[in-house]
Protein chains: 2
Amino acid sequence: MELRTLRYFVAVAEELHFSRAAARLGISQPPLSQQIKALEEELGGRLLVRTNRRVALTAAGELFLDEAREVLARAERASRLVSRIGRGESGQLRIGFTTSVPLTPLLPRTLTHYRQRYPDVDLRMHELNSQRQINPLLEGDLDIGIMRPATLPPELSAFTLIREPLVAVVNAQSELGASDTPLSLAELATQPFVYFSPAAGTGLLDQFNVLFAQRGLTPRLVQEVGGPNTIISLVASGLGVSLLPESFRHIHIDNVRYRPISDADARSEVWLTHPRHHLTPQAQHFIQIVCEAIAG
Amino acid sequence: MELRTLRYFVAVAEELHFSRAAARLGISQPPLSQQIKALEEELGGRLLVRTNRRVALTAAGELFLDEAREVLARAERASRLVSRIGRGESGQLRIGFTTSVPLTPLLPRTLTHYRQRYPDVDLRMHELNSQRQINPLLEGDLDIGIMRPATLPPELSAFTLIREPLVAVVNAQSELGASDTPLSLAELATQPFVYFSPAAGTGLLDQFNVLFAQRGLTPRLVQEVGGPNTIISLVASGLGVSLLPESFRHIHIDNVRYRPISDADARSEVWLTHPRHHLTPQAQHFIQIVCEAIAG
DNA sequence: GTTTTTGATATCCTGAAGATATCATTCAGG
DNA sequence: CCTGAATGATATCTTCAGGATATCAAAAAC
């Protein structure tokens with residue numbers, strides 16, 4: 001018994017006329033008669049009574065009609081569900097993002113567009129630092145990562161979403177907090193530093209180290225912390241200075257002042273990272289929309 | 001998409017191994033791979049990830065697995081339901097019977113056996129006089145009729161279940177009620193008669209008329225009634241005598257006495273009647289069991 | 001009685017499903 | 001790093017079920 005057989009039977013049961021049913025099915029009448037006959041033989045019972053040039057359903061046929069319709073409807077539904085997932089109109093999209101990402105308008109705007117265009121996709125946002133996005137991306141637990149620059153395994157691919165300057169984070173009461181003018185990394189490095197611990201897993205730490213090392217500077221770290229909000233709080237309390245991407249300017253805290261950095265290479269990026277192959281359609285659509293948001 | 005495709009997919013999803021799944025399905029591996037590939041193309045989405053020599057289900061695949069199992073289970077169920085009806089193990093059996101039939105042990109015994117052997121058949125008993133069984137039998141509203149002799153249209157076929165003598169029904173207080181010895185039809189015909197009206201539709205009336213006519217007798221009908229119980233009641237009240245099959249001896253009513261008839265041809269029959277063709281399996285089984293009960 | 005309708009039957013053909021052989025990739029183990 | 005086993009994909013051929021065409025048979029309509 002195949003779905004085709006059921007479709008044929010339902011057509012005959014609905015038309016109660018082999019020739020019309022065959023026409024509706026787009027086949028000729030003889031094979032239809034044969035298929036129904038074969039179905040009855042397989043089931044071991046009559047489904048239709050052909051008598052007095054009239055076709056009628058038996059009791060078994062009535063029952064089987066209901067069941068057949070149900071089976072066909074479920075099969076149809078299964079097919080549609082998967083098709084929708086396959087076309088990215090449904091299913092799931094799991095995105096990892098770092099703390100700083102929601103501070104820029106790009107991600108919120110993209111999410112809004114995506115949700116409008118694909119309202120049936122179950123969108124799951126996971127706040128994770130850059131390092132902690134890598135394994136989930138490799139293992140298929142995350143479809144897309146939005147992160148700071150990091151060294152990626154070859155299975156992952158990335159492109160830059162945002163380029164932004166770094167800014168000095170200084171206490172407003174301190175010496176450096178007296179002005180808003182650009183500051184050099186060298187000047188900043190004279191102060192005690194508050195920064196991420198390696199365990200925080202952010203790509204910013206690597207950048208930070210490289211920037212100062214290139215200039216032969218070794219800032220004195222007075223406190224290693226886990227997240228950017230802690231950095232800003234500790235700067236507010238006067239513990240030291242720090243260096244963060246410009247996005248964090250959006251965080252206004254008393255006694256904290258942001259000053260531009262005059263060094264041209266003191267810049268950071270936000271990456272969109274994804275498995276190099278095996279991109280889900282949902283992820284493809286999301287990337288499409290991000291790119292439109294950047295371009296437009 | 002066909003049920004075969006779903007069976008193949010479920011096998012692969014359960015084994016997570018194409019070769020093993022193919023072995024389980026009794027086909028070779030290449031066609032299985034092709035079928036799954038074709039299924040994915042038809043659905044427009046990946047169901048399985050073949051990576052690192054390991055096969056895994058995608059999210060869509062997980063969903064489709066559930067759906068496919070459901071569809072297969074329902075198809076299986078539909079098939080089993082109809083098979084059971086086709087084999088007569090389930091479904092419906094509608095039997096018509098006349099008032100006198102339950103008085104003999106044959107029908108109750110047969111019904112008990114039938115119910116034991118086919119407990120899932122929905123057995124519907126309809127008390128109907130012989131005439132009123134004919135149309136339902138012709139139109140398929142009744143599968144089997146158990147009735148008194150009647151003239152049947154050619155589409156119906158019948159055989160005799162029971163042969164029994166007729167007995168005189170007399171009032172115990174009356175002249176004829178004084179003895180239990182056999183009585184002749186001629187003697188009985190001297191008395192006022194209580195009998196069925198033609199509208200009652202019983203085959204007994206025809207027999208009654210023939211029996212007396214053959215002997216040149218014309219009993220005086222004092223009352224025409226609709227059913228045998230009324231006959232016996234009226235005989236009990238002294239209105240007249242009557243003539244009924246021996247089965248009615250089982251009805252014991254004060255002041256009613258049954259006396260044998262000495263005429264050898266004063267006998268009646270109970271027929272099992274059914275459509276000559278189109279016997280349902282349920283009806284066939286019932287007839288089988290009736291015949292066993294008669295033989296045994 | 002003749003014609004029309006309609007499902008069944010007979011026969012042939014096509015294409016999809018399956019078999020066999022082979023390839024490509026990957027991972028295990030030395 | 002190399003070799004061989006494991007495993008899914010690909011290529012090609014074969015077979016048979018499903019379908020088409022032609023025809024028949026029975027019943028109903030005129």
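Predicted model: local features only at pLDDT ≥ 70, side-chain atom pairs only at ≥ 80, totals over all residues.
1. **How the chains relate.** Two copies of a chain are related by a rotation about an axis and a shift along it. Here the rotation that superposes chain A on chain B is 179°. The shift along its axis is 0.0 Å, and the RMSD is 0.2 Å. That is the relation of a two-fold axis.

2. **The shared surface.** Both copies use the same surface. Of the contact residues of chain A, 100% recur in chain B.

3. **A strand pair in chain B.** Strand S3 of chain B spans residues 91-97, and strand S4 of chain B spans residues 121-127. They pair in the parallel sense, over 7 bridges. For one point to locate on screen, take Ile95(B): its bridge partner in S4(B) is Met125(B).

4. Helix H5 of chain B covers residues 106-117. Together with S3(B) and S4(B), H5(B) makes a β-α-β unit. The unit is right-handed.

5. **Cavity count.** Rolling a probe the size of a water molecule over the atoms shows where empty space is left. How many cavities of 30 Å³ or more does the whole structure hold? The search finds 4.

6. **The largest cavity.** Its volume is about 60 Å³. The lining consists of Val101(A), Thr104(A), Leu106(A), Leu107(A), Thr110(A), Ile146(A), Leu161(A), Ile162(A), Val270(A), Phe286(A) and Val290(A). Three elements of chain A each give two or more of these residues: helix H5 (106-117), strand S6 (156-171) and helix H10 (281-295). H5(A) provides the largest share, 3 residues.

7. Is the lining of the largest cavity nonpolar or charged? It has 9 nonpolar residues, 2 polar and no charged.

8. **The second largest cavity.** This one holds about 50 Å³ of space. Its lining is Val101(B), Thr104(B), Leu106(B), Leu107(B), Thr110(B), Ile146(B), Leu161(B), Ile162(B), Val270(B) and Val290(B). Elements that give two or more residues are H5 and strand S6 (156-171) of chain B. The largest share, 3 residues, comes from H5(B). By type, the lining of the second largest cavity divides into 8 nonpolar, 2 polar and no charged residues.

Conventions
Residues numbered from 1 in each chain as written. Chains lettered and ligands numbered in written order. Heavy atoms only, no water. Pairing = 2+ DSSP bridges. Helix = DSSP H or I, 4+ residues; strand = E, 2+ residues; numbered from the N terminus. Right-handed = clockwise from strand over helix to strand, strands pointing away. Least-squares fit on C-alpha atoms with pLDDT ≥ 70 in both. Contact = heavy atoms within 4.5 Å. 1 Å grid on protein atoms, 1.4 Å probe; cavity = no way out; pocket = protein on both sides within 12 Å on 5 of 7 lines; lining within 4 Å. Points joined across faces, edges and corners; volume = space filled by probe spheres on them. Nonpolar A, V, L, I, M, F, W, Y, C, P; charged D, E, K, R; others polar.
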